[in-house]
Amino acid sequence: MSILFDNPPPAIGCGDPGDPIDFACLYAGAQYFHRTPTVTGNRRLVCFSEWVKKTDIGQGGMIFGYTSAASQNSNFLNAVSLSTGELQVSLGTGLTVQGTVKTKSKYRDVASHSHRHIVLDLDNPIASERIQITIDGIRQPVDILTAVASVDLWANVAGIPFFVGVNSGFGSANLYRNEIASETAWFDGFAPAATEFGYFNAYGDWMHKAFSGKGEGAAVYGVNGFHLDYADLLDIGKDVSGNGNHLSAFGLTADNQVTDTPTNNFATLNPLSKTTYAGLTDGNLTLTPTAVAQDAIVGVTQLPRHDIYFECEVSQLVATSYGILVALDNSDGPVYGYRGLYGNIDGWAKQIDGSATLLSGVPAACDVIRIAYKYSTGEVWFGVNGGWFEGDPEAGTGASATGIPSDVILKLYTYTNGGAVQLRLNFGQRAFDAPIPKGFGTHSAAAMSCPEILNPDDYVTARIRTAGDGVNDLPFNPITNGAVVISHRLDIATGWRVNDSVTGTVWETNTANAELVEPDGLTFTDDGYDIGANAAYQGTRIDYIFRRSPKAGFDIVPISHVNGTPTTVPHKAGGIIDFALYFPCAGGNRRLFHKALGSNAYIRLNNNAGSDPAAISETGCFQSTANTLTLGSNTPTGDGVLLVWRSVPGLSAFEKYVGKNSVDGAFVPFDFSPRLCMFRLMGAAEKGLLVIDADRDEGNPVRAAHVMSTSEAETVTAGDGFDMNSNGLKFRAIGSDYSGLGNDHIICAWAQTPGKFARAR
């Protein structure tokens with residue numbers, strides 16, 4: 001029976017998720033398809049279209065192609081996902097490379113799906129247009145490593161095999177692909193546009209579009225064209241183009257059919273968030289320790305933000321000393337002290353805040369752990385082999401643990417002092433071993449709650465302007481709604497500007513100066529703002545724009561304070577404040593408050609002549625309830641303005657992370673794809689609050705950065721900078737201000753796309 005009948009995806013129920021895709025194929029190692037044409041087709045124009053989810057970014061993998069020998073000195077056509085993250089397409093004849101292009105962007109996001117569209121048009125009179133790579137509807141800039149010649153391709157040739165998933169089956173492990181693919185289509189002599197397979201919805205997200213020519217055969221696909229939808233469990237290589245060009249499968253079985261697709265994206269283990277000795281296979285669903293007596297810890301790609309059920313099979317257990325833990329944890333360190341189900345040679349136990357309570361039974365090979373997590377109430381139930389240790393999640397009684405914070409992360413942990421331990425996760429992409437409890441869903445995008453804000457750009461947005469151009473296209477009225485614009489000129493050293501339409505105050509973030517009077521600066525209008533001749537707004541400038549709204553968790557609060565007594569005022573951010581910036585109008589240090597600092601410390605935002613202290617302790621300096629905030633008694637006397645934010649699911653997050661001082665740096669998970677991130681060391685920093693965004697760098701890695709605490713111009717981060725992925729931020733640059741080894745850092749992030757709809761970047 002199809003696994004769709006076992007774990008049917010729920011109706012998504014909000015937004016515009018695109019046309020449904022039911023099935024995909026998991027390529028995991030020595031597995032591929034091939035077909036040998038019987039007639040020669042078009043060797044000058046081909047097209048390849050496919051939706052894909054990467055599962056291994058540590059090694060390269062062949063997407064499609066043919067090589068006549070195990071050497072580049074041969075006849076070949078190869079499209080490959082490189083181990084460094086880029087996509088590369090190359091072709092050659094004999095001893096001559098006839099063309100190679102490589103994308104400038106690197107694709108290392110393992111949490112969601114994206115759409116690849118590759119066209120080779122060797123008769124195009126413009127050599128630079130002969131290989132075109134489009135990702136999620138956007139043509140990708142490429143580096144041309146070898147000019148593309150107008151020659152015949154080694155494809156669609158009678159008697160010459162064509163491969164999907166390896167170059168020619170030579171057996172070299174680093175050529176096999178490790179990805180989940182869906183709607184794989186090959187065109188012989190035709191090149192349908194990318195818009196035949198996807199479209200931008202009203203929120204700017206690229207969504208799947210069912211190909212209208214599916215099933216119409218050679219008239220649409222060409223004589224050697226094919227289309228794999230992976231729906232036939234007994235013939236996973238079945239061609240549904242109408243041509244009958246079925247592909248032979250090597251190493252692929254019914255178990256490779258999965259329901260993890262662009263329209264029902266499932267959680268997996270996260271290779272970007274794991275310890276060194278955590279080995280991941282099986283599409284990032286199986287965890288195996290790679291060394292004895294070493295902790296293997298790994299996070300999960302999706303944050304649990306709805307009521308979920310999942311299972312974990314103890315697929316191997318041949319050890320006399322071992323540990324197994326499935327944990328709900330809201331720290332970025334070891335998982336020993338939080339809420340989870342733990343198993344060792346003494347038996348199963350629940351681990352609650354560092355205290356273990358024995359349950360019944362002893363772990364054994366083939367045991368299936370059951371976890372039912374009720375996000376809505378902060379409760380969790382643990383079970384094994386079809387039963388529950390305590391209570392009943394369907395009835396909502398007898399939970400194994402309660403009071404679980406809403407910001408938890410799922411983590412898996414195991415170790416062994418000898419022998420073998422292996423854990424295999426199932427979030428619903430395969431049939432469950434036991435019935436899913438009523439009221440719970442799979443850990444997937446389709447089962448996620450509908451985000452309250454479908455289009456983050458309506459509330460948090462950015463604009464890049466030159467030569468003093470203004471903005472007249474905001475999706476809201478900044479005068480009637482209230483807004484803050486944080487601006488910085490990028491091309492020369494110039495002070496940052498903060499303009500708010502509520503108080504009319506203008507101030508710098510990087511100095512302790514009093515409020516500015518700038519009649520030639522920024523003036524708000526009904527649909528944006530005009531810019532005068534002030535030099536701070538000229539050149540190349542980026543503006544970060546925040547709409548005042550309880551729904552978006554943001555407010556602008558004027559305050560008058562007298563030193564010696566706390567001052568409490570109301571706010572309309574809609575909840576307890578997680579992040580705030582305080583500006584004293586008469587001048588003085590700008591204070592940054594963050595939930596990770598607690599209520600008794602703040603950070604000075606402005607860097608005074610290179611002097612940046614660590615977090616400053618001050619009892620009760622900032623406190624908040626759901627509708628009031630309090631400045632502490634030690635705040636200097638005077639009028640000021642507070643910009644205050646709270647976390648909003650799918651829109652914003654204000655968290656803490658621990659630096660790794662590595663190109664394989666910290667991974668900070670979000671329930672959205674970030675557009676704007678600000679972060680810094682909690683201790684003494686060299687410069688201060690670093691700011692990156694997805695507007696200046698449209699693809700990964702993100703390298704353009706600037707520091708809100710100084711007036712310095714934009715810089716380009718060395719190395720690979722940062723990856724702004726569909727589920728969080730991955731640090732790949734080394735810097736003492738944001739990646740100090742073992743040091744605590746704060747981060748603030750706002751969304752480009754809610755996680756329910758986010759595409760891999």
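Both faces of strand β25 are covered, since R339, L341 and G343 on one side and G340, Y342 and N344 on the other are all buried, where buried means under 20% relative accessible area, exposed over 50% and partly exposed in between, with a 1.4 Å probe and protein chains only. The strand runs over residues 339-344, and six of its six residues are buried; strands here are DSSP runs (E, at least two residues), numbered from the N terminus. This is a predicted model, in which local features need pLDDT of at least 70, side-chain atom pairs count only at pLDDT 80 or more, and totals for chains, interfaces and linings use all residues. Residues are numbered from 1 along each chain as its sequence is written, and side-chain values use heavy atoms, with hydrogens and water left out.

Which strands pair with β25? In general, strands of a sheet pair through backbone hydrogen bonds, either parallel or antiparallel.

| Strand pair | Sense | Bridges |
|---|---|---|
| β24 (residues 322-329) and β25 | antiparallel | five bridges |
| β25 and β26 (residues 347-352) | antiparallel | five bridges |
| β42 (residues 579-584) and β48 (residues 638-645) | antiparallel | six bridges |

Within these pairs, G343 of β25 is the bridge partner of I324, while Y342 has A349 of β26 as its bridge partner, and a hairpin joins β25 to β26 through two residues.

Elsewhere, an open sheet of six strands with antiparallel pairing has the order β40-β48-β42-β43-β44-β45. Its edge strands are β40 (554-561) and β45 (616-617), each of which pairs on one side only. In this sheet's pair of β42 and β48, Y582 stands opposite L642 in β48.

How values were computed. Helix = DSSP H or I, 4+ residues; strand = E, 2+ residues; numbered from the N terminus. Pairing = 2+ DSSP bridges.
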